[in-house]
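This report walks through one structure for a reader who has not seen it before. The sequence and the model come first, and the description follows.

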Amino acid sequence: MASLIQKDRLWWHITVLVPYLWLLLFFLLPFGIILKISLAEPILAQPPFSPTFDDTGTLSITADNFAFLFSDKLYALTYLKSVIMAAAATICCLLLGFPIAYGIARSQPRTRSLLLLLIVLPFWISFLLRVYAWMGLLGNYGVINNFLMWLGITEQPMQILYTDFAIFLGLTYSYLPFMILPLYATLERMDLDLVDAAMDLGASRTTAFWDITWPLARAGVIAGCMLVFIPAMGEYVIPFLLGGPDALLIGRVLFDEFYVNRDWPLASAVAIMLLLLLVVPIVILQKNQARDAEQAT
Amino acid sequence: MNSTRNPCFIRIRGVSKLFGDFVAVDNVDLDIAQGELFSILGGSGCGKTTLLRILAGFEKPTTGRVEIDGVDVTDIPAYDRPVNMMFQSYAIFPHMSVEKNIAYGLRKDKVARAEIAKWVDEVIELVQLGDFRKRNPEQLSGGQRQRVALARALIKRPKVLLLDEPLAALDKKLREHTQFELMNIQHELGITFVVVTHDQEEAMTLSTRIAVMDKGRLLQVGEPKEIYEYPETRFVADFIGTINTFDGQVSAVDEQHIHVDCETAGGDLLAFNEHELKPGDKVCIAVRPEKIFISREPPENNEDIRVKGTVDDLGYLGNLSLYRVRLESGKVILVSQQNRQRSAKRSIEWEEQIWVSWRPRSSIVLVN
């Protein structure tokens, strides 16, 4: 008996250990390395940054990289632009995704699985290919411009590709499924009688939506927004392929610092700032949710 | 209530509802009086819930009109009707406390805060939820959730309260208790209740009148006693309680009685002629198990219908004993007898030859 319990405890420890080990190996450790590099100085060597401890064994770190991030307005602007872009895409995904998810959740069970399949179907094609396809659609002599000119709406092709609008379009298109799926999951579980009950008690259709459907879908809305906003913030491929040369988003800057300027310490500092920018609001949000949950009980 | 109550408080005229090709409600005419506790009884898919949802305003009838208290509400949306509903799932808002759930209807009507508090207190007392008012729905038991749903639907003092299977989710003991509580509340407030249920026992104890539905049609409307003792169709006879049926043909008619030749009964069965039948008409004779007597000796009363049989099976239920009796024709009928004598011995045993008998008045004549 005692040994059985011990065995159980052992297994329990192992199962709990696995995710922690995973986080340690693939998150905390790389993060430590990046942090270490961000506190070093760039040098022309292999690897291209100064060691944390110099020849005499004393600690040699510097906050210069972070200071530089704050002194050069370019970085602040880039962060800001990335936030705006990601936020715009997130809002647009929510506005499009909510009615779609709602429609799927309320459709007949048989059509429902078909509709869900259609939502995930794009994943069967490489992400890169799909972004390339947008280049073909948006280009000066691409499908959209040709169609507009054929209709006679414009004489000259409109510049759509290589604009911020193209990035916004690409982000919205690529991340829409990540909004729809968690929203669908919460809406599908919701008891339809609740909306009827609200209307029965005097709420109009719109009021019932805001009183019942929206608050109950909140968990899905938050999950969807995070799933869209976070990767959209650091997106590299879409701004690179669809954006103009001046479309400086954080992912692009990160890439350039690492590979073009080979300034690994500065690039690491950029990465750490990006992480902070993403983690802090999430932590605040989760604290709020935990407090709400506590109040609820 | 009093004698001035309106007999056509709810007036349903020619109401049909189609979902695609499927006829959910088929040309229903129904009047429900003010202050009634009216039950709509039927199996699943018979259209009873659709009819209730039409009254609530969630479904628009394909044809027909609905009037409540003299006002045609057919085109009035759910939120503007003087009607509230208690859902089968209770539909308690999971993100609101008991109190907020109950106050929701008044808040939507923009009632003043103080007024709301007063009404909430009153209705919480009525359903005895005082200790739970600050709780969240997930902390409530099934019975408490049912009370919240009831309180929430009652607080706006609707002219009609619709209840969709109000007791189905409760266990047996609680169901019986709640049944009487519902009746008391209904009596106290004088609100017209329309209850949808599949449970005939529930309908019988609760209601002033019952409507039996099948396949979207209203088969019979009447007081519980009428429905039980005078069913008009085989479906109603079968659905309410248990019944033994004998198909046959009218062989002779005298002043009062008809003689029906039933092969399965091995001869003529006697019944009162309530339908002005003629010889040759095909009818069905139905008898309730508790109207049948069982005895070892042939019954003396010559008026009674007498048939010989053997006891196939018997069950002792405490207050009752149930017998399955095989008649000579091979047909098996159900007989129930009250256990009036306190005795550990069984009077009638398995495989015993016995007589079953009943009064002609107990024979129900069903005309197909």
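Two strands count as paired if DSSP finds at least two bridges between them. Helices (H or I, at least four residues) and strands (E, at least two) are DSSP runs, numbered from the N terminus.

## Basis of the description

This is a predicted model, in which local features need pLDDT of at least 70 and side-chain atom pairs count only at pLDDT 80 or more, while totals for chains, interfaces and linings use all residues. Residues are numbered from 1 along each chain as its sequence is written, chains are lettered from A and ligands numbered from 1 in the order in which they are written, and side-chain values use heavy atoms, with hydrogens and water left out.

## Chain B in outline

Chain B contains eight helices and 20 strands. Its C-alpha atoms fill a box of roughly 75 × 50 × 40 Å along the principal axes. Of the 368 residues in chain B, 49% are buried; buried means under 20% relative accessible area, exposed means over 50%, and partly exposed lies in between (1.4 Å probe, protein chains only).

A contact means heavy atoms within 4.5 Å. Among the contacts in chain B with a separation of 6 or more, 65% are between residues 24 or more positions apart.

## The six-stranded sheet of chain B

An open sheet of chain B has six strands in the order E6-E7-E8-E3-E9-E10, with mixed pairing. Strand E6 (83–86) and strand E10 (217–222) of chain B are the edge strands, each pairing on one side only. On average, neighbouring strands of this sheet are turned by 20° against each other, direction ignored. For such angles, axes are lines fitted to C-alpha atoms, for helices over the stretch in contact, and angles run from 0 to 180 degrees between N-to-C directions.

E6(B) runs parallel to strand E7 (residues 160–164) of chain B and is joined to it by four bridges. Val83(B) has Val160(B) in E7(B) as its bridge partner. Helix H4 (residues 142–154) of chain B lies across E6 and E7 of chain B and runs at about 175° to E6(B).

Strand E3 (residues 37–41) of chain B is mostly covered, with five of its five residues buried.

E3(B) runs parallel to strand E8 (residues 192–197) of chain B, with five bridges between them, and Phe38(B) stands opposite Val194(B) in E8(B). E3(B) is also parallel to E9(B), to which four bridges join it; there Ile40(B) has Ala211(B) as its bridge partner. The loop between strand E9 (209–214) and E10 of chain B holds Lys215(B). Lys215(B) has a positive phi of about 50° although it is not a glycine, and at 61% relative accessibility it counts as exposed.

## Helix H5 of chain A

The expected span of a helix is 1.5 Å times one less than its number of residues. Helix H5 (residues 127–138) of chain A has twelve residues and should therefore span 16 Å, which agrees with the 17 Å between its end C-alpha atoms. Arg130(A), Val131(A), Trp134(A), Met135(A) and Leu138(A) are the buried residues of H5(A). They cover an arc of only 160° around the axis, so they are on the same side of H5(A); the arc is that of the directions from the helix axis to the C-beta atoms.

These buried residues pack against helix H6 (143–151), helix H7 (164–189) and helix H11 (237–242) of chain A. At the start of H5(A), a side-chain oxygen of Ser126(A) reaches to within 3.1 Å of the backbone nitrogen of Leu128(A).

## Other sites in chain A

Asn65(A) lies in helix H2 of chain A and counts as buried at 7% relative accessibility. A polar atom of its side chain is 2.6 Å from the backbone oxygen of Ser38(A). Not counting residues up to four places away in sequence, Asn65(A) touches Ile37(A), Ser38(A), Leu39(A), Ala40(A), Pro265(A), Leu266(A) and Ala269(A). A polar contact is a pair of N or O atoms within 3.5 Å; within protein, one must be able to donate a hydrogen and the other to accept it, and residues adjacent in sequence count only if both atoms are side-chain atoms.

The peptide bond from Gln46(A) to Pro47(A) is cis, with omega near -5°. Pro47(A) belongs to the loop between helix H1 (2–38) and helix H2 (64–71) of chain A.
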